[in-house]
Amino acid sequence: MKVLLLKDPKDKESGPDPYIQALGLYRFEATLIPVLSFEFISLESLFEKLSHPECYGGLIFTSPRALEAIKICLKEKNKNEAWSKSLKQKWDTKPVYVVGKATASLGEKSSSSALLFPCGALKREVLPTVLREKGITLESLTVYQTTQHAHLQESLSSYFSQQGIPASIVFFSPSGVRFCLQHIQKLLGDYINHIKFAAIGPTTAEAMEAAGIPVSCTAESPTPQDLATGIQKALHLHNCSGPE
């Protein structure tokens, strides 16, 4: 049975995509279609802020794209020299928080300085609100924006014409729902009612429901294994042999 995954493939250098592998163990034939592109912006402003570590209590990241923005920002020779010479050492003395562990550990934070928060244009207000309640301020700077992948429509059309209708389609982000839904509705027509739609997590599931897509399963945690298990259950393949 076929499963369509609306996400970017993992970097080829790091081996096979774990979602394709996990679904393969349940004998699903999974295909990835990239949905999103990221455009980096305000990198001069980002460097200006990174040049003043004394103004901040630390850094907070909620996506790999924000880290990528810093890498790109520091690629220019003069910026890289300034970073290597003194800035890196100063930032190394400050805490860096990542989403997930952030809200738990930030409760113990005593610095009165704001945390620098490089983020995307579509950031949700949950984290700033939670931290504000704890008396912690964030200084947000939008360093990337999410756009539709240039070949999305073409890739979807090609998939349905060559592979037919999949048993399940998986969304990985609210942006993916927004960019894909219209194309999928057009390509599937009435067949849309026969497909089991899956979400990688509750935020994506909420976006799907708001768009009128029935959510057949939401992965218990955003891992390849939990997604594969959820899809197997949603398709009622209890007799299907799973991983040994």
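In this predicted model, the sulfur of cysteine 55 lies 16 Å from the closest cysteine sulfur, that of cysteine 73, which is too far for a bond. Cysteine 73 is likewise in no disulfide, the nearest cysteine sulfur being that of cysteine 119 at 15 Å. A disulfide is a covalent bond between the sulfur atoms of two cysteines. With a cut-off of 2.5 Å between the sulfur atoms, the count comes to 0 disulfides. Cysteine 55 is partly exposed, at a relative accessible area of 43%. Cysteine 73 counts as buried, with 2% relative accessibility.

The overall fold was described next. The chain contains 10 helices and 10 strands. Its C-alpha trace spans about 60 × 35 × 35 Å along the principal axes. Of the 244 residues, 39% count as buried. Among contacts with a separation of 6 or more, 75% are accounted for by residues 24 or more positions apart.

Strand 6 was considered in detail. This strand is mostly covered, with 7 of its 7 residues buried. In a regular strand the side chains alternate between the two faces of the sheet. In strand 6, Ala114, Leu116, Pro118 and Gly120 point one way, while Leu115, Phe117 and Cys119 point the other way. Leucine 115 belongs to this strand, which covers residues 114–120, and has a relative accessible area of 0%, so it is buried. The C-alpha atom of leucine 115 is separated by 5.5 Å from that of tyrosine 56, although the two residues are 59 residues apart along the chain.

Strand 6 pairs with strand 4 in the parallel sense over 3 bridges. Within strand 6, leucine 116 stands opposite leucine 59. Strand 6 is also joined by 6 bridges to strand 7 (residues 138–148), and these two strands run parallel. Glycine 120 has tyrosine 144 in strand 7 as its bridge partner.

The whole structure holds 5 aromatic pairs. One of them is formed by tyrosine 19 and phenylalanine 172, and is edge-to-face, with 5.2 Å centre to centre and 90° between the planes. This pair links distant parts of the chain, 153 residues apart: tyrosine 19 is in helix 1 (residues 18–25), and phenylalanine 172 is in the loop between strand 8 (168–171) and helix 8 (174–188). Both tyrosine 19 and phenylalanine 172 are buried. Tyrosine 56 and tryptophan 91 form a stacked pair, because their ring centres are 6.1 Å apart and their planes lie at 20°. Tyrosine 56 is in strand 4 (residues 56–61) and tryptophan 91 in helix 4 (residues 77–92), so the pair ties together parts that are 35 residues apart in sequence. Tyrosine 56 and tryptophan 91 are both buried.

Charged groups were also found over aromatic rings. The charged end of lysine 79 sits over the ring of phenylalanine 47, at 5.4 Å from the ring centre. For arginine 178, the charged end sits over the ring of phenylalanine 179, 4.7 Å from the centre.

The largest nonpolar core has 23 residues, of which Leu4, Leu6, Leu156, Ile169, Phe171 and Ile184 touch the most other members. Two or more residues are given to this core by strand 1 (2–6), helix 7 (152–163), strand 8, helix 8, strand 9 (196–199) and helix 9 (202–210). Helix 8 gives the most, with 6 residues. Leaving aside neighbours within four places in sequence, phenylalanine 171 is in contact with residues including Leu6, Val177, Cys180, Ile184, Phe197, Met208 and Ile213. A second, separate core of 21 residues includes Val170, Phe172, Ala219 and Ala228.

Threonine 31 is found in strand 2 (residues 29–32). With a relative accessible area of 18%, threonine 31 is buried, since the cut-off for a buried residue is under 20%. Apart from neighbours within four places in sequence, threonine 31 is in contact with Val3, Leu4, Leu5, Tyr159 and Gln163.

Technical notes: Residues are numbered from 1 along each chain as its sequence is written. This is a predicted model: local features need pLDDT of at least 70, side-chain atom pairs count only at pLDDT 80 or more; totals for chains, interfaces and linings use all residues. Side-chain values use heavy atoms; hydrogens and water are left out. Helices (H or I, at least four residues) and strands (E, at least two) are DSSP runs, numbered from the N terminus. Buried means under 20% relative accessible area, exposed over 50%, partly exposed in between (1.4 Å probe, protein chains only). Rings of Phe, Tyr and Trp (its six-membered ring) pair if their centres lie within 6.5 Å; planes under 30 degrees apart count as stacked, over 60 as edge-to-face and the rest as tilted. A charge sits over a ring if NZ of Lys or CZ of Arg is within 6 Å of the ring centre and within 35 degrees of the ring normal. Contact means heavy atoms within 4.5 Å. Two strands pair if DSSP finds at least two bridges between them. A nonpolar core is a set of buried Ala, Val, Leu, Ile, Met, Phe, Trp, Tyr and Cys residues joined through side-chain atoms within 4.5 Å.
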